[in-house]
Amino acid sequence: MEERLSARDEDAAEWRDEPRRLGVERMKQRNLLYERGTRSHYENAEYYDQAYRRRRADIDFYAEMASRFGGPVLELGAGTGRVSRAIAEQGVEILGIDSSEPMLERAERRRKKMRRAARELLEFAHGDLLELRLGRKFPLVIAPFNVFMHLYDREEFQRAMDTVRAHLAPGGVFVFDVLVPDLRALLRDPDRLYSAGTVSLPRRGRRYKYKESFNYDPIAQVLVITLYFQSLEDPEEILTQTIAHRQFFPAELEAILHYEGFEILERYGDFEREPLLDFAESQVLVTRLGATPYSRSRTSQ
Ligand SMILES: C[S@@+](CC[C@H](N)C(=O)[O-])C[C@H]1O[C@@H](n2cnc3c(N)ncnc32)[C@H](O)[C@@H]1O
C-alpha cells in the first residue's frame, strides 16, 4: 500500500534528501576533477619529457620484458613513447595507444626522428584503454608508469582489465606498475603548498617556483596533486596542472587481480627487481591470465 506523506513529512523527506543531492553534486565535481587529473598533466608533453628525463630504470625493465616475452607488444597509455621507442630500438614490434593528443603528437614527432629499422616497428594510435578493441592479440601487453592509477573506481578497473583480456594471446603476459601508496603524502595538509624548488618550462624561457598541494580522498582512495608554477619574473603568472592518482594498496591490488582471473607471476618493489617490501616506491607486476574471473563466474551462475 502506498503511504502518503504529510506536509511535515514531505519537508522532512526533502531535508533528508538534501545531503544526497549535495552528494550527487560533489560526485559530479569529483568526476570533473578526476577527468582533469587524467588530462591536465599530459597537455604539455614537452614538459612531461623534461620532468621525467632521468627516469630510465623502468624503460630498461620493460625493454627486457619485450625481449623475454616477444612481440608484437601493445602499450596501453604510451604517452610520448618513452618506453615504446626503446622496445622498437631493440627490434621488437610495438603499438602504443594513448588518449592524449598532445602526448601522441610528440610521440609521433619523436618516432619520425628514429632510424628507419626501429621507426618501422613502432606505431602510435589514439585510443581509450577503457574501450579499446583492436581485434588483434599480443603476447605482451604493458602499461608502464602509473597508467592504471588513472582508473578511479571498480568499474573502470574492470573495463581496463577487459581490454587487457581482449588483447592477450593465449598464455600472454600483462606487465604494469603503480605506486605504493605513500602514507606521508596521503596525510599531507590539503591547505598547504609544498615548495619543491624551481624549474624552467619548455618554450617559455622563464624560471618558475614550483610548489605542490596534496588532497587525498580516503574513501575513493584518490590523491589529487596540484602542481603550481609561479614565474620568478612575474609572480602574477601562475600555471597549474592536476594529477589524480587512484591509490592501490598492495593486498587490495593482489585481490583485484585474483578476482579478475590474473595470476601474479612476479612482483617487485622497483625496476631493479628488488622485492616488494615496506617503503618500496612502486609495485611492478608481471601477470598472466589464468582461470575465468572469479566475480564474473559467480554472477553468471
Ligand atoms: C604517466 S603517463 C605514462 C606514459 C608512458 N607509458 C611512459 O611510461 O612514459 C600516463 C599516460 O596514460 C595515458 N592515459 C590515461 N588514461 C588513459 C586512457 N583511459 N586511455 C588511454 N590512455 C590513457 C595518459 O594520457 C598518459 O599519456
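Author: In this predicted model, helix H3, residues 57-69, packs with helix H4, residues 82-89, at an angle of about 45 degrees. Angles under 35 degrees count as roughly parallel and those from 65 to 115 as roughly perpendicular; H3 and H4 are therefore oblique to each other. The axes of H3 and H4 are 9 Å apart. An angle and a distance between the axes are the two values by which packed helices are described. The crossing in which H3 passes H4 is right-handed. On the side of H3, the contact is made by Asp-58, Ile-59, Tyr-62, Ala-63 and Ala-66; on the side of H4, Arg-82, Val-83, Ala-86 and Ile-87 take part. Sorted by class, the contact of H3 with H4 comprises seven nonpolar residues and two charged ones, with no polar residue.

The surroundings of this pair may be taken next. The protein chain has 10 helices and 11 strands, and 33% of its 301 residues count as buried. Among contacts between residues at least 6 apart in sequence, 64% join residues at least 24 apart.

The ligand has 19 residues around it, of which Gly-77, Gly-79, Ser-99, Ser-100 and Phe-145 come nearest. By class, this shell divides into nine nonpolar, seven polar and three charged residues.

Two single residues complete the account. Leu-201 lies in the loop between strand E6, residues 194-200, and strand E7, residues 207-217. Leu-201 has 18 C-beta neighbours inside 10 Å and therefore counts as partly exposed, since a buried residue needs 20 or more. Leaving aside neighbours within four places in sequence, Leu-201 is in contact with Tyr-47, Tyr-208 and Phe-229. Leu-201 and Asn-44 are 157 residues apart along the chain, yet a separation of 9.3 Å lies between their C-alpha atoms.

Tyr-216, by contrast, has its place within strand E7 itself. Because 20 other C-beta atoms are within 10 Å, Tyr-216 is buried. When residues up to four places away in sequence are not counted, Tyr-216 touches Leu-186 and Leu-223.

Notes. Residues are numbered from 1 along each chain as its sequence is written. This is a predicted model: local features need pLDDT of at least 70, side-chain atom pairs count only at pLDDT 80 or more; totals for chains, interfaces and linings use all residues. Axes are lines fitted to C-alpha atoms, for helices over the stretch in contact, and angles run from 0 to 180 degrees between N-to-C directions. Helices (H or I, at least four residues) and strands (E, at least two) are DSSP runs, numbered from the N terminus. Angles under 35 degrees count as roughly parallel, over 145 as roughly antiparallel, 65 to 115 as roughly perpendicular and the rest as oblique. A crossing is left-handed if the near helix is turned anticlockwise from the far one by less than a right angle, and right-handed if clockwise. Two residues are in contact if their C-beta atoms, placed from the backbone, lie within 7 Å. Ala, Val, Leu, Ile, Met, Phe, Trp, Tyr, Cys and Pro count as nonpolar, Asp, Glu, Lys and Arg as charged, and the others, Gly among them, as polar. A residue is buried if 20 or more other C-beta atoms lie within 10 Å of its own, exposed if 12 or fewer, and partly exposed in between; C-beta atoms are placed from the backbone. A residue is near a molecule or strand if its C-beta atom, placed from the backbone, lies within 6 Å of it.
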